[in-house]
Amino acid sequence: MAMFSKDLGIDLGTNFTRIADSAQVLVEEPTIVAIEVFDQKMVAVGQEARDMYGKVPDSIEVSRPLKNGVIADYEITETLLEYLLQRVSGSMRIFRPRVMISVPYGVTSVERRAVYEAVMEAGTREAFLIQQSLAAAIGIDLPINSPSGNMVICLGGGCTEAAVMAMYGIVSAETLRSGGLDLDDAIVNYVRRKYGVVIGQITAEQLKIRIGAAVPQDTENSMEVQGQDQVTGLPRPITLTTGEIIEALQDPLKQIIETGRKVLEKTPPELVADIIDRGVALCGGGALLRGIDKLLTKSLGIPAYLVDNPMTCVVEGAVKSFSMLNVIRRNLPQV
Ligand SMILES: Nc1ncnc2c1ncn2[C@@H]1O[C@H](COP(=O)(O)OP(=O)(O)OP(=O)(O)O)[C@@H](O)[C@H]1O
Ligand SMILES: [Mg+2]
């Protein structure tokens, strides 16, 4: 039996769920499920469900089962995991995998338990939880096996986590329960306040990704989007610039900086000295925001750099951690 079993890493993120084995990322789908309200039947999962967002009748509900990095809807999460695991493992009754699933550092024991139960119910043989920062550090090959400080900041869709690690464990960390989606919301609010126009969250995300930045850029870009006039309710196109997006993002960016600062404050000075030498690794989709490395370098006084695999390092590290299970196990969150 064990001969056929498989080890998988899972990154159950607010925006994306990723599953990997030791060779590659097998699944990368938006953490979104569409269900028939009447009989709670699943209509679509992942990208297919995301395409329905804001475009379906009341009989179908398109929902994100995770909020700010933690499970908000248990049933839907379990259905999603079961479906995706089924897709990678085939008949799970026979080949039930062993999984390492990431959770934000600052989650409660109830929230941890929910993740554990959901992934076990979804049909796995054995499940371990791992803090997402630790998984990220392993996924980007930081030398966490040594008694010296390594720092990462994970800028996810629903949460932001900064952590310092040494000797296979977390020394200090902070989880901010807000992330990329809150940046999108900040853009929606800015546009409403400034122009009296309502835009959708997905449109706001496109603005952020295409023309957004954390600090002023050499070239200003602009983009036209369709909105809805708040007073007349009629469609109204507006054009936004990079500078405006930077302005819109000020508050959530300050919170991100504050999260990094709090972690450094709690970190023993010897480890801070290592981090000043090595820099802080930025991962998660939010690390792709133009200039966020510059902003964090300047505000934290430590060189911040974008890693090569910002979106997949957590899932890659999760599965890789099986190879060091005997040493890492004592530092994993218990359920
Ligand atoms: N080029 C980009 N610029 C800015 N933000 C980006 C870019 N590309 C992706 N993002 C943002 O990254 C976020 C998704 O990142 P990621 O996949 O790491 O999140 P997640 O793991 O699902 O969430 P979490 O870890 O918080 O639960 C989204 O908010 C998305 O808008
Ligand atoms: Mg994540």
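Begin by selecting strand 15 (residues 222-229) and strand 16 (residues 235-241), which run antiparallel and are joined by 7 bridges. Strands here are DSSP runs of E of at least two residues, helices are runs of H or I of at least four, and both are numbered from the N terminus. The hairpin of strand 15 and strand 16 has 5 residues between the strands, and among them Gly233 takes a positive phi near 75°. Next, select Glu224, which stands opposite Thr239 in strand 16.

This is a predicted model, in which local features need pLDDT of at least 70 and side-chain atom pairs count only at pLDDT 80 or more, while totals for chains, interfaces and linings use all residues. Residues are numbered from 1 along each chain as its sequence is written, and chains are lettered from A and ligands numbered from 1 in the order in which they are written.

**A loop beside the hairpin**

Select Glu220, which lies in the loop between helix 6 and strand 15. Leaving aside residues up to four places away in sequence, Glu220 touches Thr241, Thr242 and Gly243; two residues are in contact if their C-beta atoms, placed from the backbone, lie within 7 Å.

Display the open sheet of 5 strands in the order 13-12-11-17-18, whose pairing is mixed. Strands count as paired if DSSP finds at least two bridges between them. Strand 13 (169-176) and strand 18 (304-306) stand at the edges with a single partner strand each, so one side of each has no neighbour in the sheet. From one strand to the next, the twist averages 20°.

Within this sheet, select strand 11 (residues 150-155) and strand 17 (residues 280-283), which pair in the parallel sense over 4 bridges. Met151 stands opposite Val280 in strand 17. Then select helix 8 (residues 250-266), which lies across strand 11, strand 12 (160-166) and strand 13, running at about 150° to strand 13. Such angles run from 0 to 180 degrees between N-to-C directions, and axes are lines fitted to C-alpha atoms, for helices over the stretch in contact.

**The sheet with strands 1 to 3**

Move to the other open sheet, in which 5 strands take the order 3-2-1-9-10 with mixed pairing. Its edge strands are strand 3 (25-30) and strand 10 (126-131), each of which pairs on one side only. Strand 1 (residues 7-12) and strand 2 (residues 16-20) run antiparallel and are joined by 4 bridges. Select Leu12 to find its bridge partner, Thr17, in strand 2.

Helix 3 (residues 109-121) lies across strand 1, strand 9 (98-103) and strand 10, at about 145° to strand 10. Helix 4 lies across strand 9 and strand 10, at about 85° to strand 10.

**Two domains**

Colour the protein chain by domain: domain 1 (2-134 + 316-331) and domain 2 (141-307). These bounds come from an automatic or database domain assignment. The C-alpha centres of the two domains lie 24 Å apart. Across the boundary, 20 residues of domain 1 are in contact with 23 residues of domain 2. On the side of domain 1 that touches domain 2, the largest share, 3 residues, comes from helix 4.

**Ligand 1**

Finally, select ligand 1. Of the 21 residues around ligand 1, Gly13, Asn15, Gly156, Gly180 and Gly285 come nearest; a residue is near a molecule if its C-beta atom, placed from the backbone, lies within 6 Å of it. Helix 6 gives the most to this shell, with 3 residues.
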